[in-house]
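Q: I would like a close look at one part of this model, followed by an account of the parts that surround it in the description. Please take the helices before the strands.

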Amino acid sequence: MLQSFIRYEETAMPNKTSPFLCLPGLALLLVGCTHSGQLAAAPSITLTTTATPTARHPQHRRQLYLRYPLPQQPRPRRHQRSNLLPAPHQPLNAPTPTPTPILPASLFEIPWEDRSIFKAGLLDSQQSILDKLPGASIYHINLLIGDNLNLNPRSRSHFLHQYGSCPLDDIYFRLFPNLAGGQSRVSDLAVNGQSAEPVYELRDSALRVPLAAPLPPGESMVIAMDFAVQVPAGEGGNYGAFAFSKDVLALAHVYPMIAVYDDEGWNVEIAPTVGDVVYADAGFYVVRVTAPAGQTLVASGVEIERNESAMQQTVTFAAGPVRDFYLVTSSSYEVVSRVVGQVTVNSYAPANLLDGAEVALDQAAQALEHFNRRFGPYPFTEFDLVGTTNFALGIEYPGIVAILLDLYDQAGQVRGQATPGLLEGVVAHEVAHQWFYSLVGNDQVDEPWLDEALAQYATILYYNDVYDEQAGAGFRSSLERRWARVGQADVPIGLPVRDYSVDEYSGIIYGRGPLFITQLAETMGQTAFDAFLQDYATTYRWRIATGDDFKRLAQQHCRCDLTPLFEEWVYPQSSTH
Ligand SMILES: [Zn+2]
């Protein structure tokens, strides 16, 4: 996300679930009983909605099935808690756990274990990842979009418990629509075919699914649910990422998303109203969308099947491994496309803004080329830019980024800046997130600097590479001005989102953060730093990295102690990092 300066009234309210007790009747705290550093399982979800033609923002019903894999690695330390993928020395290709035979079938008659449908979305050189990530969950979502753009979803997810050595008593889902001006309610919840009662927590942003029988490590289960979703009219909360506005239906985080399980238990919290909300493991998504024929559908992943009639279209998307699935529809979109290497880049906007969308397409193509060289290949065969009415300047999702439509008016201004120059920085920043957030995951709520500072720093590199060092210095100056808006305060960049004021979040994370990265490069030496950053993007590819991981790898490359620098910029002085 490229954060803007809009104020929000709400404040973040962190909340974690308590780790469960491992043995019945024993007050045993969970040492050794939490998740192991293995890749988290992503759920498979299928969404189906029944449209009610009279409702403006109708509700949806969906069914959801989940399945999780097993953990076998030692428990990570607190700051490694988000490292759900194997650590660098750990194999990515651990044997796939044997599925439990009683699991309900997938919604699309695609076996849960069949990952071949995801090949089309991955470069040839990247398809080997399909044989790895043994614990990744699979979401199957069937989404019906009615004539009035009402939603009617059904989902099934497949969940395998891979989180440590203790049985799970509950499964948590995130219900982001309930924090973004909309609503998501669940009904007909079932676990392995047996009815269960949904429990809403944290202002209904967390859904707890109590399990009648604990789920042992290494075993799978299926959770089914129907759910109803209401999309907010207008721009909604969380930067308008989930909204229907100006003929654009933007469906960010619309489905129940399985929370990350870490050494503190299920990682659920009321997401802050600034910054990105999603902290998720990589998973696999099959999403079938049925919509009016006139709608253009833009989504994560690639289209693998299409059926059309005069009035209706049904399009199936396959995306994975990805940390989220994003869908936007509009009857106004047109598209311009380009091929960069093996990647098809599409840019969508209404016809009157298509010139600006083509400018963004050029910029994204350049960014992809240079970032490919610097950080390793963008893994997917498709990359989309889509103009939306969000009130951030841009928002990143796996394989797709949303760009504020106003930026496509090349004669206009946005927040006092001429759009052509502003657009280029936004596009470079959002493309950089395809490496820092999408490929290399991080906890965007607790360690926002890790992806945002790197996306900003990568934008300096973009200007250096595409133009010259003077252009790069110009962008760097904008970062210094951003930091100056909060008086160049030496507030650590390594705090959770909730610990910053809105102004600090902008000035520190997006200004001081990338300036720290430039200082780190200067300290390490540019050559060593460049090698480190490429190694970081490669080593933690498909996994989740922490600030500690980042520091440790940097120190390996410079063969130096970076603790003083991190204490000056990243962590509070009292920290033990
Ligand atoms: Zn960003």
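Where in α5 does a kink lie, and which proline does it shortly precede?

A: In this predicted model, the kink in α5 lies at R512, shortly before the proline P514, and amounts to about 30 degrees. Just after α5 comes G525, which takes a positive phi of about 95 degrees.

Helix α6, made of residues 526-539, meets α5 with the two axes coming within 6 Å and crossing at roughly 120 degrees. Angles of 65 to 115 degrees would count as roughly perpendicular and those over 145 as roughly antiparallel, and α5 and α6 are therefore oblique to each other. The crossing of these two helices is right-handed. On the α5 side the contact is made by L520, A521 and M524, while α6 contributes Q526, A528, F529 and F532.

Turning to the strands, β22 (residues 333-340) runs antiparallel to β23 (residues 343-350), and 8 bridges join them. Within this pair V335 stands opposite Y348 of β23, and in the hairpin that the two strands form, with 2 residues between them, G341 takes a positive phi near 60 degrees.

Another hairpin is built from β7 and β8, again with 2 residues between the strands, and N192 in its turn has a positive phi of about 50 degrees. Here 2 bridges join β7 to β8 (residues 194-195) in the antiparallel sense, with V191 opposite Q194 in β8. Strand β7, which comprises residues 183-191, also pairs with β11 (residues 220-230), in the antiparallel sense and over 7 bridges; in that pairing R185 stands opposite A228.

Two open sheets complete the picture. Strand β6, residues 168-174, pairs with β14 in the antiparallel sense over 2 bridges, and the bridge partner of F173 in β14 is I258.

The other open sheet also has 4 strands, in the order β12-β13-β21-β18, and its pairing is antiparallel. Its edge strands are β12 (242-245) and β18 (296-299), each of which pairs on one side only, and the twist from one strand to the next averages 10 degrees. Strand β12 is joined to β13 (residues 248-251) by 4 bridges, with the two strands running antiparallel, and S245 stands opposite V248 in β13.

Terms used: Residues are numbered from 1 along each chain as its sequence is written. This is a predicted model: local features need pLDDT of at least 70, side-chain atom pairs count only at pLDDT 80 or more; totals for chains, interfaces and linings use all residues. Two strands pair if DSSP finds at least two bridges between them. The bend at a residue is the angle between axes fitted to the seven residues ending there and the seven starting there. Axes are lines fitted to C-alpha atoms, for helices over the stretch in contact, and angles run from 0 to 180 degrees between N-to-C directions. Angles under 35 degrees count as roughly parallel, over 145 as roughly antiparallel, 65 to 115 as roughly perpendicular and the rest as oblique. A crossing is left-handed if the near helix is turned anticlockwise from the far one by less than a right angle, and right-handed if clockwise. Two residues are in contact if their C-beta atoms, placed from the backbone, lie within 7 Å.
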